[in-house]
Amino acid sequence: MSKILVTGGAGFIGSHIVEELLKNNEQVVVIDNFSMGSMDNLPKDDKLTVVEGDISSKETIEKLFQQHQFKKIFHLGAIASVAASVEDPLHTHQTNLEATLYLLEETRKQGGLERFVFASSAAVYGDEPTLPKKETSTIRPLTPYAIDKFASEQYVLAFSRLYDIPTTAVRFFNVFGNRQNPSSPYSGVVSILTDKFKQLVNNEETNFTLYGDGEQTRDFIYVKDVVQANLLVSESREAIGKVFNVGTGESTSLNELIGMYEEITNTKLPIKQLEERSGDIKESYSDISELKSLGFEPKFSMGEGLLEYWNKEND
Ligand code: UD1
């Protein structure tokens, strides 16, 4: 029986994809080294096999393909922190680029794959100021993280051209939702805010460090819409050999985001304002007309996503 592999499947976005695949009655194999992911992110299910292993090990990937036959691969396993990639570019490269090649090579040997979906990032656009970001916009990868994401997506697309392996790459904008780790100052800002608002409603003293004036904007997309986008591209023949932005096409400022959260929680968040963070970009949002041409429509507005996230966190 043919299975679906999700690398990094115990992590934030991966585990949401796994959950949806299981609902659709698929047989799913997760490989994760649990550096960021957790068993708690995954449901107990007979259709799910979890392999603890490091995708940067060629032997581990070879063994995985000896034990299972895959019809689809969602490749999300990565060192997800840009800051960590700056600290340790070599280690990041092994996980964020070499592992992609190991998977592609095993896919080539195995044959018969229906789709390989690679999770890339809006980080590939860097600080190039043209907005909105289209897939054809100038690429300016500024960090080891962004460089490896871009190189990986190019390998993924080349495998479609050169070896006829049906691949697709997706560039995620600012994804938010439950199971995103808020513990580092470089964690996604929505997860950090959620943590702060939890403290507030528990009457704990807290404040939020705001870098800059709060007028910076991002294209925040709720994780469920990201799952929807991943499944859609994996099923669409027109998506083969292409790259797609995954965002909402809308931009929200940090000040607006904080305002929405204050309304949901009926609290007032104390702010400690600092200088703009070095390397920060002022504005970012996606053009998603390519994804929409496949039939994608985000189901959650920023406010709706935030409300569901908050309710799930406080279940
Ligand atoms: C994302 C990456 C970041 C990378 C950047 C460029 C994540 C979580 N962040 O940042 O590592 O360098 O793309 O590719 O993947 N903010 C605060 N207070 C906080 C945290 C954040 O004010 O406690 C601000 C930030 O300065 C930024 C905004 O919130 O202006 C959004 O931050 P973040 O969620 O890290 O997203 P990106 O800036 O897009």
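## Two domains

In this predicted model, the centres of domain 1 and domain 2, taken over C-alpha atoms, are separated by 26 Å. Domain 1 covers 3–174 + 221–246, and domain 2 covers 177–219 + 249–285 + 300–313; such bounds come from an automatic or database domain assignment. Between them, 19 residues of domain 1 are in contact with 17 residues of domain 2, where contact means heavy atoms within 4.5 Å.

## Basis of the values

Residues are numbered from 1 along each chain as its sequence is written, and side-chain values use heavy atoms, with hydrogens and water left out. In this predicted model, local features need pLDDT of at least 70 and side-chain atom pairs count only at pLDDT 80 or more, while totals for chains, interfaces and linings use all residues.

## The ligand and its shell

The ligand is surrounded by 17 residues, and the closest are Val 189, Thr 209, Tyr 211, Arg 218 and Asp 280; a residue belongs to this group if one of its heavy atoms lies within 4 Å of the ligand. A polar backbone atom of Val 189 lies 2.8 Å from an oxygen atom of the ligand. Thr 209 has a backbone N or O atom 2.7 Å from a nitrogen atom of the ligand. From Arg 218, a polar side-chain atom is 2.9 Å from an oxygen atom of the ligand. Taken alone, the ligand exposes 740 Å², of which the protein buries 81% (Shrake-Rupley method, 1.4 Å probe).

The largest share, four residues, comes from β8. Helices (H or I, at least four residues) and strands (E, at least two) are DSSP runs, numbered from the N terminus. Each of domain 1 and domain 2 supplies at least three residues to the shell. By class, the shell holds nine nonpolar, five polar and three charged residues. Here Ala, Val, Leu, Ile, Met, Phe, Trp, Tyr, Cys and Pro count as nonpolar, Asp, Glu, Lys and Arg as charged, and the others, Gly among them, as polar.

## Tyrosine 222

Tyr 222 is part of strand β10 (residues 220–222). Tyr 222 counts as buried because its relative accessibility is 2%; buried means under 20% relative accessible area, exposed over 50%, and partly exposed in between (1.4 Å probe, protein chains only).

Beyond its neighbours within four places in sequence, Tyr 222 is in contact with several residues, including Phe 176, Phe 300 and Tyr 309. Its side chain makes a polar contact with the side chain of Glu 308 at 2.9 Å. A polar contact is a pair of N or O atoms within 3.5 Å; within protein, one must be able to donate a hydrogen and the other to accept it, and residues adjacent in sequence count only if both atoms are side-chain atoms.
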